[in-house]
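Student: I'd like to walk through this chain with you, one question at a time. Can we start once it's on screen?

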Amino acid sequence: PLNVCFLFFNSNELCGWVSVHTLGNQNTFTRWINEHLKCVNKRIVDLQLDLGDGLRLIALLEVLSQKKMYRKYHPRPNFRQMKLENVSVALEFLERENIKLVSIGE
């Protein structure tokens, strides 16, 4: 089963999070993410696959926070290592913004 947490921002501050456990919730959050990614001409179909290279995750964080990443990332990650580095950039961004990640990987 997929265990993904989503963060909610309000005025650039984290106001909540929820863990996705069911297909219904996954579809709801896919639509929610796509609504936010629309302004940067991106979309997702499968949460796990489409967020896996870090690019749409980075885009989502930039849209929600209205800030840019603090360091460069790979715009065309062809290799697994590049994808992992992109996800690391997103996680570092959350850390620098003092957004704590909880209940991931249970």
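What follows is a run of questions and answers about this chain.

Tutor: Before you ask, this is a predicted model, where local features need pLDDT of at least 70 and side-chain atom pairs count only at pLDDT 80 or more, while totals for chains, interfaces and linings use all residues. Residues are numbered from 1 along each chain as its sequence is written, and side-chain values use heavy atoms, with hydrogens and water left out.

Student: In what order do the elements of the protein chain run from the N terminus on?

Tutor: Helices here are DSSP runs of H or I with at least four residues, strands are runs of E with at least two, and both are numbered from the N terminus. The protein chain has four helices and two strands. Reading from the N terminus, the order is β-β-α-α-α-α.

Student: What share of the 106 residues in the protein chain is buried?

Tutor: Buried means under 20% relative accessible area, exposed means over 50%, and partly exposed is in between (1.4 Å probe, protein chains only). On that scale, the buried residues of the 106 in the protein chain come to 35%.

Student: And how much of the accessible surface of the protein chain belongs to carbon and sulfur atoms?

Tutor: Accessible areas come from the Shrake-Rupley method with a 1.4 Å probe, and for residues only the protein chains shown count as cover. The protein chain has an accessible surface of about 7,200 Å². The part belonging to carbon and sulfur atoms is 51%.

Student: Is H3 mostly covered or mostly open, and how many of its residues are buried?

Tutor: Helix H3 covers residues 55-65. Its buried residues include Leu-55, Ile-58, Leu-61 and Ser-65. H3 is mostly covered, and of its eleven residues the number buried is nine.

Student: How do the axes of H3 and H4 sit: roughly parallel or roughly antiparallel?

Tutor: Axes are lines fitted to C-alpha atoms, for helices over the stretch in contact, with angles from 0 to 180 degrees between N-to-C directions. The axes of H3 and helix H4 (residues 80-96) come within 8 Å and cross at roughly 25°. Angles under 35 degrees count as roughly parallel, over 145 as roughly antiparallel, 65 to 115 as roughly perpendicular and the rest as oblique. So H3 and H4 are roughly parallel.

Student: Which residues of H4 make the contact with H3?

Tutor: Contact means heavy atoms within 4.5 Å. On the H3 side, the contact is made by Leu-55, Leu-57, Ile-58, Leu-61 and Ser-65. The H4 partners are Asn-86, Val-89, Ala-90, Phe-93 and Leu-94.

Student: Is Asn-86 buried or exposed?

Tutor: Asn-86 is in helix H4. Beyond its neighbours within four places in sequence, Asn-86 touches Asp-53, Gly-54, Leu-55, Ile-58, Tyr-73, His-74 and Pro-77. Because its relative accessible area is 0%, Asn-86 is buried.

Student: How far is the backbone nitrogen of His-74 from a polar atom of the side chain of Asn-86?

Tutor: A polar contact is a pair of N or O atoms within 3.5 Å; within protein, one must be able to donate a hydrogen and the other to accept it, and residues adjacent in sequence count only if both atoms are side-chain atoms. From the side-chain polar atom of Asn-86 to the backbone nitrogen of His-74, the distance is 2.7 Å.

Student: Which backbone nitrogen does the side chain of Ser-65 reach?

Tutor: Ser-65 lies in helix H3. Ser-65 counts as buried because its relative accessibility is 4%. At 3.3 Å, its side chain reaches the backbone nitrogen of Lys-67.

Student: What phi does Asn-41 have?

Tutor: Asn-41 is in the loop between helix H1 (23-37) and helix H2 (47-51). Its relative accessibility is 76%, so Asn-41 counts as exposed. Although Asn-41 is not a glycine, its phi is positive, at about 55°.
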